[in-house]
Amino acid sequence: MTVGYAAPPVARRSSSSYLRRLDWALFGSALALSVIGSLLVWSATQGKLLEQGLDPQSFLKKNLFNLVVGIAFAVLVSRFDYRLLRAYTPILWGLSILGLLFVLVHGSRINGAKAWIALPAGLNLQPAEFAKIAIILGMAMILSEKRDAENEPRDVDVAFALGVAAVPMVLILVQPDLGTVMVIATIVFGIIAVSGARARWLVGILAGGILVAFVAIQVGILKQYQLDRLTAFTDPNVNTRTSGYNTQQARIAIGSGGMFGTGLFHGPQTQGHFVPENQTDFVYSVAGEELGFVGAALIIVLLGIILWRAIVIALRASDLFGRLVATGVATWIAFQSFENIGMNLGIMPVTGVPLPFVSYGGTSMFASWLAIGLLINVHLRARE
Amino acid sequence: MSERSSLRLAVLGVLIVSLLVTMIGRLFFLQVVSADVYTQKASANQYRYVVTPATRGLILDQLGRPLVSNRTSLVVSVDRTVLAKQKDKGVAVLARLAKALHTTPTAISYRLEICGQGAHEKPPICWNGSQYQPIPVAKDIPQDLALTIMEKRSDYPGVTAGLEAVRVYPGLDGVNAAHLLGYLGPVSDTELAAQKKQQEAGAATSTETQLQRTDLVGRSGLEAEYDAQLRGVPGVKKLVVDQAANVVGTVGETQSTPGDYLVTNIDAKLQAVVEQQLYAAILRARSQIDKNTGTHYKGDSGAAVVMDVTNGHVLAMASYPSYDPSVWVGGITKTEYSKLTSPASNYPLISRAMQGQFVPASTWKIVTASAALQDGYTATQTYKCPSYIMVGNRKFSNFEGEAPGDVDLAKGLAVSCDTMWYQVAYDMWLRDGGNKPIAKPKDPIETMAKAFGYGRRTGIDLPSESRGRVGGRAFKTALNAQLHDAWCRRATTGYPEVAKTDPNRAAYLKALAVENCADGGVFRGGDSVNLAIGQGDTVVTPLQVATAYSALANGGTIWQPQVAKGLVASDGKVVSVFKPKKTGTLPVPKADMAFLRMAFSEVTSKPYGTGYNPFRGFPLDRLPVAAKTGTGQAAGNQQSTSWFATFAPATKPKYAVVMMVSQGGTGAGTSAPSVRKIYEALYGITGSTIDPAKSVLVGGAPATKLPTVRADGTPVYPGMPTTVQIAKPAGASPAATATSGSGPTPGPTSTGFLAAPLLLGGGLLGRRARRRRRPRAPDVRLWSS
C-alpha cells in the first residue's frame, strides 16, 4: 500500500461522472431500507393517528420529508471537497459539543433522556447523532496526520483522538443516553483498531471500558431504570409491565409474524399498539410481524450490503483519513443495527438506539444519510 | 496505510458478518422455529371481554305466578387497581367505606382477596373473578349511602355503587318450594376446567355461551336442572386493549339475551296448601304419644306429593324440614351454610320427597296384591288373617296383633292385614324353591315391584334423585357379592372392638357373620315375608309411591314425574312445551286394576277400612278416594313411619296425593287428615259440599295451556298486582370479566348510577326503555357470583 496518493478535487468532476461512479449498491440499499422504513412507520402510526383524529399519513409524510432532506445532505457531503472536509472538522466537532451542551441546559426530555433540541414546526434535533459524525471525522483526522514513514499513529495522536471522542461521550452519558455512548465506544474502538495503533491501546481501551462500566454501576451513575433495561433482556418474563414488557411484546410481535408475516397494516400486535415505540426503537418488530421472516431478513440483508460496501470502500480508500471515516461509518451502522435489532429479538439490552434508515426520527435519518454521503465521498476518491 | 490496518479492517469485516449472521439466526428461530408459541401469545394478548350477564329467566307456576323472580339490589363494588394506585394503597378509602357499611376494613379486604392466593375463605369471602374487575363487597345498601358514594368521588376513589339483578322469591300465598326451586352458586373451578378441556378438544363452545368466572349456576332443584335454559346468553363486548391495558377500540359486541322463563306444573296456591298440610301432619305427629317408646313422636321429617295421574305432572311437592331459599342470594354466609348442613337442623337441603328413602310399609301392598293376582290368587277367595304366623322359627305378627279372621282380598287391603300376605309370599317363595331356589324363580312380588317403578329413579326433572331399593332376591345376591368376604373375615376374627364394651352384642354379631358367610346371599323365607309388606330391606321415596299409585289410577301407565311444563322466552314466545313421558306399563290386566282401585277406595269408605275415620264426613259418595295407609317399622330404635298414599276420584282418577311423616306414627292418625285437607283444597270441599269454584286450582283443574308472558317480560296471572312490576329487573349491568387494569372502566359509572333512582321507583318499565338505559348501567357485579 502506498502512501501519499492525492485524490483529484471533486469539484472538477462532471455530474455524469458522479452518477457513473456512484456506488449504486450502497445508495440503493440505503434507499430501499428508507422506503421500507417509511412503510413500517406508516403502518405503525396510522391507526393511532386515526384514533386521535389526526391525519393518518402525517408520520409517513414527515418521514418521507426527512428522507429527502437526508438524501440531499448525503449528496452535498459526497460532493464536498475532501480537504475542505478535513479543514472543517474541528468546527463541526465544536458545533456538536455546543449542541450537546445546549441540550443539557435547554433540551427537552423524552423517555428519560435530555437529548433533544426542540425546533419550530414540531421538529426535534438530537445533537448526539451529529456528534457521531463529528467524532468519526475528528478521530480520522487526528489519526491520519502521521509523520512520514510511520506505519502506526503515535501514542500522542491516539490519546488525542480518544480525548476528542471522550468529551462528547461524557456529555451524552450525562443526558443520559447510554445506547449512543455504547455505539460511539464501538466506533472509537473500530477507528483506533483500523488506524494501526499498537495492540496495547486496544487492550487498554477494552480494559478501561470494562472498568468504567463496573465503576458506573457501583457508584450509581447508571440510573436504576437503565440497569433494569440492561438486565431485563436476560429474563424478559420477570416484569411484563415494566422493563421486560417492551422486549417481550416485540418478540411476540416478531414471533407471530412467521415466515411471510401478517401483511402491512394487518399485524394485530402492531395495530393493537402492544409494542411501545414501534415507529422508532421497535420499528423492527413491525417488520417482523407484518413482513415476516422474509421482510425482516431482507432488512438485515440490505444492512449487510451497506456494511459490505463500507468495508470495501474502507479497504480501497485513497488515504488513511478516508479509510478511517469509512471504518467509523461501518462500525457505527453495524453496531447500532445490531444493538437495535438485537434488542427487538431479545438478545441485546434495551438501550433505545434507532435502527439506521428504518426508524422514524429526523436526526437519525439525516445522520444515517450523512454517513452514506461520507462513504460516497470516500468512494469517489478511491483508487481505481 | 499499513498491513496491520488492512488486516484489522478484515477482522472488523468478519466481526460484522458474524453480527449479521447472529441476527438472521435469531430471527429464524423466532419466526420460523417457534412461530406457533408466539402466535398463541399474541392472540391471548390483545383482547379483553366485557361480559354483560343475561337476566336469568323466571320460574313460574302453572298459571304464570312467579315462584322465582329477579329484583334489583344496590351493590357496592371496589376496584382493586384503583385502590393500589392510592398513596396508602387504599387504606383510608377502605376505612371510610367500612364505617359507612358498618363493617370492618379487614372484612372488606378479605372480600377483595383473589381466591386461591392465600385467601381466607371460599367465595364469597374471597373473589373468584378477575382482578381487573370491580369486586362487589356489599349488597342491598341503602339508597342514600349509594348516592353518597357516587357523589363524593374524591372520598371513595375506586368505589362504585350500582344496581344488580338478584334472585328473589316472591313467596306468593306463603309458598316456599325451596327443594323444587333450588338455588344458585358460583361456578366452580372444576366446571371451568372442564369447559376449557372441552374447548381444547375442539368442542364448539362460543364465547357467548361460555361460563364466566363470575357466573352463577344452578346448584340444585330446577335452577340446576334447567340451568342452561334459564341462564340465557350473556352479551359480550370484545375490546382491543393496548399495552397499558387501556381500551383502544371495540371489535365486536353482542347483546345479551335473557334466559327463558321456566313454566312449571306446580300450582303456587296448591303448593302452599300442601306445605301447610305437611307441617300440620308433622305437628299432629308430635302431639301424639308413641305407645312403643312412651314419648311423643318426633315427626322429624316428612314429604308430600300431588301428581296428575293422567300425565305425571307434579302439581305440588313438599318436603319438611325446609329452608328459606333466599339465604343463598348474594352468597351464603358460613353460619347460614352450617345451619343448613348440620345434623341439628336435620339437613333441610335434602328433599325427602325424592331423595329421602323410607320403608314403604303397607303402601307396598299395591305391589303385593297386584303380584298375587298375577300369580293365580283371586280377589274373591278366602284369605286367613291370623294375628301372627310362624315362618321357620320366627313369629311374624299383624300390626298391633289384630286378628280380623277370614277376609277376601278387598277387605284384607282395607283392614291392612299383614299375615295373609305373609302366607301368600311364603308360599310363593316355597314355589320358587325356598332356600334352594329353582333355576328361574318367578319372584312375583319383586318382579311386580320393579314394574311399578320401585328400585329405580322415576326420572323426575330434578337432580340427585334417590333410587330406592327392592329388598328381593337380586338385592340379596348383590349384597352378598359385596360383603361376603367381610362377613367371612368377621366370622373368624369376631368383633373384638365391640367385645370391649358389649361382649353379648359382639357374640351376636359374630354369629350373624358366621351365618351370612355361609349363605348370606340366600333369599330366605323371612326376607320374602318382609318384602310382602314393605318391610326389611325395601326402601322407597314418596315420589316413587306417588308414581306407582298414579299408574294404578290411570290404568297402568308409569309416567315420568314432570315438574316443568314448558319454556317461554322473555318476550312471551313459547319456546317448548314438555310432553308427558311414559316410562313403563303395569303388567296387570285392566280388570284387576279396576278391582284394586275399588278395593283401595274401601279403605276410606268401609267402616273397617284403616282410612275410614280420617275421611268421615267427606263426600266419598261423589268423590271416592282410593287410599292405602302405611305404618312402617323403621330400622333401629326409630319410631314408625306414617304413610298415606291415595288417588281420587277412585272411579275416574285425576290426582294422586301421597304424604309421609318420618317417625310420625300411623298413616291414618298422622298423614291421612292432612291428605284429606289437600283433597278439600283441590276440589273446593267445605263440609260435604263440593264447589269447584272454591278449588285452589283456578277453574278447578290444572291449566292446559302455558301462561301468557307479555312482550316486556311480565308474566300475566290471576290476581296479579296491576301497579307493581314483578318481572324483570333493569336488564343486567355490564360487568367486566377483565377490563382495563387501570384508568376508567368503560361505561360512565356515575351517570349509570343516576339512572338508579328512576329504575328503583320505576313501575312498569318497558323492555325497550330499559334497553336504552342499559349501556349506562353501573359497572358492578354481585359478589355472590
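So, which strand does β11 of chain B pair with, and in what sense? Strand β11, residues 301-308, pairs with β23, residues 655-662, both in chain B, in the antiparallel sense over eight bridges. Strands are DSSP runs of E, at least two residues, and helices are runs of H or I, at least four, numbered from the N terminus. Two strands pair if DSSP finds at least two bridges between them. In this pair, B:A303 stands opposite B:M660.

Quick housekeeping: this is a predicted model, where local features need pLDDT of at least 70, side-chain atom pairs count only at pLDDT 80 or more, and totals for chains, interfaces and linings use all residues. Residues are numbered from 1 along each chain as its sequence is written, with chains lettered from A and ligands numbered from 1 in the order in which they are written.

Okay, zooming out. Those two strands sit in an open, antiparallel sheet of five, ordered β12-β11-β23-β22-β21 in chain B. The edges are β12 (314-320) and β21 (626-632), each pairing on one side only.

Now the helices. Helix α15 (419-431) and helix α20 (525-532) of chain B pack at about 135°, axes 8 Å apart. Axes are lines fitted to C-alpha atoms, for helices over the stretch in contact, and angles run from 0 to 180 degrees between N-to-C directions. That angle is why we call α15(B) oblique to α20(B): under 35 degrees is roughly parallel, over 145 roughly antiparallel, 65 to 115 roughly perpendicular, and the rest oblique. Among the contact residues are B:W421 of α15(B) and B:L531 of α20(B), where contact means C-beta atoms, placed from the backbone, within 7 Å.

Technical notes. Two residues are in contact if their C-beta atoms, placed from the backbone, lie within 7 Å.
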